[in-house]
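Here's a quick briefing on a few spots worth a look. Have the model open while you read.

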Amino acid sequence: MIRRPPRSTLFPYTTLFRSPSCSSETASSVVAKRRIAHLPNGTTSNAPIAAANSAQKSSWALNQTKTLAQTSAKGNPRVAHVPTTITVRPTIPAEFGSKVPTNIRQRYLNIVIDECLKLYDCEQDAYQRGCAEEKNAYDRSANRAVYLNVVANTIKKLRAEQSGGVPRGSGATSSTSTSASYGVGKQRTMSHELVLGGKKAASVSYSIERPRKKPENAVISGLNLYQCLRQYIMTKQQLEENGFPLPHPTESGRAIINSSRSKKVNSVDVSEKICCRCGSAFKVSPKGVYLVKEECFYHWGRAIKVRAAGAYETRYSCCQSGLHSEGCCVAKLHVFDHMDPNCHKGFVKTLPKDLPSSGNFGVFALDCEMCYTTMGIELARVTVIGPDLSPVYESLVKPENPVIDYNTRFSGIVESDLSDVVTNLRDVQAVLLSEFNDKTILIGHSLESDFKALKLIHETVVDTSVVFPHKMGLPYKRALRTLVAEYLKKIIQNSVDGHDSHEDAAGCMELMLWRIREDLKVSA
């Protein structure tokens, strides 16, 4: 016989659903009851209720300290959670016409404060340090770009302090001037050993061994210098390409100059010349008499490319005017610097000599200054120096023809300098032939123009414009002033009185000495 369980066990939820006619007492008891699932053992049915009651009590106790998220009734406004304690960070006041936008300053101020909070235990000290650092970065900046760079370095510095492992207490602040301006003047305590060692004392090892002297300070001279320079002697092809005067195969005293390096002239009319400064045509008689006298408007600077309005434009370096603008300087007459092929006479060639006992044929640097005459360009001064940069021969030279322009801006020569000079070109040639031989190494910059003015034929040449070539190749050449500034870190040709031939010759000699020292470093 199977016993039927009580009705309350089969239908545990029936007590929750009663007719509306129930008494008020019964209704109140129903509301207080909870719906529970069926349990096989009726004796344990009160356990979930007890657990629920305890959880309700614990949640009530937790609600006393924390605010719970609640869903507000329909139609009521939503209220955001507000913490009991609010810490207000410093803000950047709005400023009209500020060199840095306020929102950018505020963003980086927050980043600086975040880094300072990692260094300080007290928030107020971190806020003061952060405001001081940001204000210092703002005061040091002229515009937004500079500010971004300075404040980035400030953040990097703060992060370096964190990695340094030096803790900061609530009272420790920066010792910078910016902190003092905000009333934070306490300096961090540092040990004497840390001050002497520096910031990298813990990660860098030091040696008491004294550094040895660098080999570049050694003096290179005599036969050793001559042997080192032989690799830079120009070949016959290089001499021809650069327009050096070469000996005529049949006629003595006559030179051959490569016409591709010479400026184009009008071959129809021999008396017509082209001004080397303004490019205008003018006429001169075979004896150097100007048939028509005209003023010359020219630019003394070079035509260079400069960036303007997002594009490159060609302008003159002297006045920054356009390529087709009128000249910024004026001269009384036109001048020319080319040589008539029929006038390549009067040249002298260095002679061979016996080998000296030392085996050194000599190394010299040479530079000349020229002026414009009625027959073109002529020699006005010559300077020869030795490897020790001391002058070997220096003299002013009286031009053979009347001077049109002394070219003072570049030659440094004025009319009074040549008023009492009696030395002529033949005297200079005699001295140079007695001092040099065909194996003597002559150093200079664009020596072809000097040899033309000297009317000298010499093939043992070291030209700095060839040793340090232009990236575009011929006919482009780098200026001596640029080479000396780049490799020797010196400034030459900066005088308002014009160039100095001794200074230019010394610059060429020092350039080659520097080149040899660099070669010795590589070979070592």
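**A buried arginine**

Setting aside neighbours within four places in sequence, R105 is in contact (heavy atoms within 4.5 Å) with I92, E95, V100, E134, K135, Y138 and Y147. This is a predicted model, where local features need pLDDT of at least 70, side-chain atom pairs count only at pLDDT 80 or more, and totals for chains, interfaces and linings use all residues. Residues are numbered from 1 along each chain as its sequence is written, and side-chain values use heavy atoms, with hydrogens and water left out.

- R105 sits in helix 4, residues 102-117; helices here are DSSP runs of H or I, at least four residues, numbered from the N terminus.
- R105 has 7% relative accessibility, so it counts as buried (under 20% relative accessible area, with a 1.4 Å probe and protein chains only).

**Helix 15 and what follows**

- L480, L483, V484 and L488 are the buried residues to look at in helix 15, residues 480-488.
- They cover an arc of only 95° around the axis, so they lie on the same side of helix 15; the arc is taken from the directions from the helix axis to the C-beta atoms.
- As background, an α-helix has 3.6 residues a turn, so residues three or four places apart point the same way.
- What do the buried residues of helix 15 pack against? They pack against helix 14 (464-467) and helix 16.

**I492 in the loop**

- I492 belongs to the loop between helix 15 and helix 16, and it's buried at a relative accessible area of 6%.
- Leaving out neighbours within four places in sequence, I492 touches L480, R481 and V484, plus E503 and D504.
- The C-alpha atoms of I492 and D504 are 7.7 Å apart, with the two residues 12 apart along the chain.

**Helix 9 against helix 16**

- The axes of helix 9 (residues 222-229) and helix 16 (residues 501-523) come within 11 Å and cross at roughly 85°; axes are lines fitted to C-alpha atoms over the stretch in contact, and angles run from 0 to 180 degrees between N-to-C directions.
- That's why helix 9 and helix 16 count as roughly perpendicular (65 to 115 degrees).
- L225, C228 and L229 from helix 9 meet M512, L513 and I516 from helix 16.

**Cysteines**

Conventions: Helices (H or I, at least four residues) and strands (E, at least two) are DSSP runs, numbered from the N terminus. Angles under 35 degrees count as roughly parallel, over 145 as roughly antiparallel, 65 to 115 as roughly perpendicular and the rest as oblique. Buried means under 20% relative accessible area, exposed over 50%, partly exposed in between (1.4 Å probe, protein chains only).
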